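Good morning, and thank you for joining the group meeting.

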Amino acid sequence: MRRLEELSEAEILALAVASEEEDSRIYRHFALRLRGAYPASARVFEDMAVEEDEHRQRLLGLYEKKFGTELPYITRQDVRGFMRRSPVWLMKDLRIETVRGQAALMERQASRFYAQAAGRVHDTEVRRLLGDLAASEARHEQRAEELEATYLTPEARGAEDAEARRALLLQVVQPGLAGLIDGSISTLAPIFAAAFATHRSEDAFLVGLAASIGAGISMGLTEALSDDGAITGRGHPWLRGTVCGVMTALGGLGHTLPYLITDFWLATTIAALVVAVELFVIAWVRWRYMETPIFSAMVQVVLGGVLVLLAGIFIGSS
């Protein structure tokens, strides 16, 4: 592997050609992946790919003029410290925010490369082209905004924002909410049953820890194995499973950790307050993302939580 300063001018131009070819293919792949759900944004990336092709043609024309038609084979992977592309285009569930962020990063990296390369060549014509491309890449973010203004009409932007929100709900919020509800409510009965059966904080803590971790693993596997997302569009199953499992465990651990306090009644009081906070958070998420009326959300969640809590206390006290 070589460093940029060790490359000849011919190799720098060849590297630039290879980079423009790869970036063009990436933009076209973005367009292909986005075309179904985000057609206006797909057109933006198609136009950006055309501009990368134009850069490639300018670089090839200058290379042939200076060094002939034999292009040395060199890629990003052959140069130490050279810009790398995170392969987000291979993600099964490619989100529009991820694509836009990756495109902006690509343009900044390309601009930095051309600026560094221009400072290392002595041929004035090569230096001028590299400097022009550095400036062009630096302006691409503004150019992308201009293309979005052209293709992303208010109606198209609204439709794409709605699709992005739907993907967020299906892939993150819904499995996370299901996990939080299960972890916060289903673990109430075993934790408080153990607490009131023994009146020992350490016993309640161990039961809560086991219930929370076990529920997290169970819910995570259930979410991941129940739907591969191919038909429903709910995203990668293991992403959903991870979100669901983690939120389930956190929901149970929230009112388990107070039992690290040795004073039983103090620990129980704090745990009850934590439960109230958890139920409010669940109701807020349902109101914020599921458009459930806040009063209805509060009544439904609190009613369910109180019933499970009383069941645990009753069983533990009997």
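This is a predicted model: local features need pLDDT of at least 70, side-chain atom pairs count only at pLDDT 80 or more; totals for chains, interfaces and linings use all residues.

Residues are numbered from 1 along each chain as its sequence is written, and side-chain values use heavy atoms, with hydrogens and water left out.

Let me start with the fold. The protein has 10 helices and two strands; these are DSSP runs, H or I of at least four residues for helices and E of at least two for strands, numbered from the N terminus. Along the sequence, the pattern reads β-α-α-β-α-α-α-α-α-α-α-α. Of the 318 residues, 45% are buried, where buried means under 20% relative accessible area, exposed means over 50%, and partly exposed lies in between, with a 1.4 Å probe and protein chains only. Contact here means heavy atoms within 4.5 Å. Among contacts between residues at least 6 apart in sequence, 74% join residues at least 24 apart.

Next, the annotation. An unreviewed UniProt entry lists residues 176–198, 204–226, 264–285 and 297–316 under "transmembrane region"; its positions are given in the numbering used here, feature names are shortened, and annotations may be inferred rather than shown by experiment. In the model, residues 176–198 are 96% helix and 0% strand, with end C-alpha atoms 33 Å apart. Residues 297–316 are 100% helix and 0% strand, and their end C-alpha atoms lie 29 Å apart.

How do individual helices compare with their expected span? That span is 1.5 Å times one less than the number of residues. Helix α7 has 26 residues and reaches 37 Å from its first C-alpha to its last, close to the 38 Å expected. For α8, 18 residues should span 26 Å, and the end C-alpha atoms are 26 Å apart, which agrees. Buried residues of α7 include Phe205, Gly208, Ser212, Gly216 and Gly220. In α8, the buried residues include Arg240, Gly241, Cys244, Gly245 and Thr248.

I turn to the nonpolar cores, each a set of buried Ala, Val, Leu, Ile, Met, Phe, Trp, Tyr and Cys residues joined through side-chain atoms within 4.5 Å. The largest has 25 residues, of which Leu7, Ile12, Leu59, Phe113, Tyr114 and Leu130 touch the most other members. Helices α1 (9–34), α2 (39–67), α3 (96–118) and α4 (124–151) each supply at least two residues of this core. The most comes from α1, with seven residues. Apart from this core lies another, of 21 residues, among them Leu169, Phe196, Phe205 and Tyr259.

How many aromatic pairs does a search of the whole structure find? There are eight. Rings of Phe, Tyr and Trp (its six-membered ring) pair if their centres lie within 6.5 Å; planes under 30 degrees apart count as stacked, over 60 as edge-to-face and the rest as tilted. The rings of phenylalanine 192 and tyrosine 259 have centres 6.4 Å apart and planes at 80°, so this pair is edge-to-face. Phenylalanine 192 belongs to helix α6 and tyrosine 259 to the loop between α8 and α9, so the pair ties together parts 67 residues apart in sequence. Both phenylalanine 192 and tyrosine 259 are buried. For phenylalanine 196 and phenylalanine 264, the ring centres are 5.9 Å apart and the planes stand at 85°, so this pair is also edge-to-face. Phenylalanine 196 lies in α6 and phenylalanine 264 in α9, so parts 68 residues apart in sequence are tied together.

Finally, two loop residues. Leaving aside neighbours within four places in sequence, threonine 256 is in contact with Ile191, Phe205, Gly208, Leu209 and Ser212.

Arginine 200 lies in the loop between α6 (188–198) and α7 (201–226), and at 40% relative accessibility it counts as partly exposed. Not counting residues up to four places away in sequence, arginine 200 touches Ala195 and Phe264. The side chains of arginine 200 and glutamate 202 are joined by a polar contact of 2.8 Å, that is, a pair of N or O atoms within 3.5 Å; within protein, one must be able to donate a hydrogen and the other to accept it, and residues adjacent in sequence count only if both atoms are side-chain atoms.
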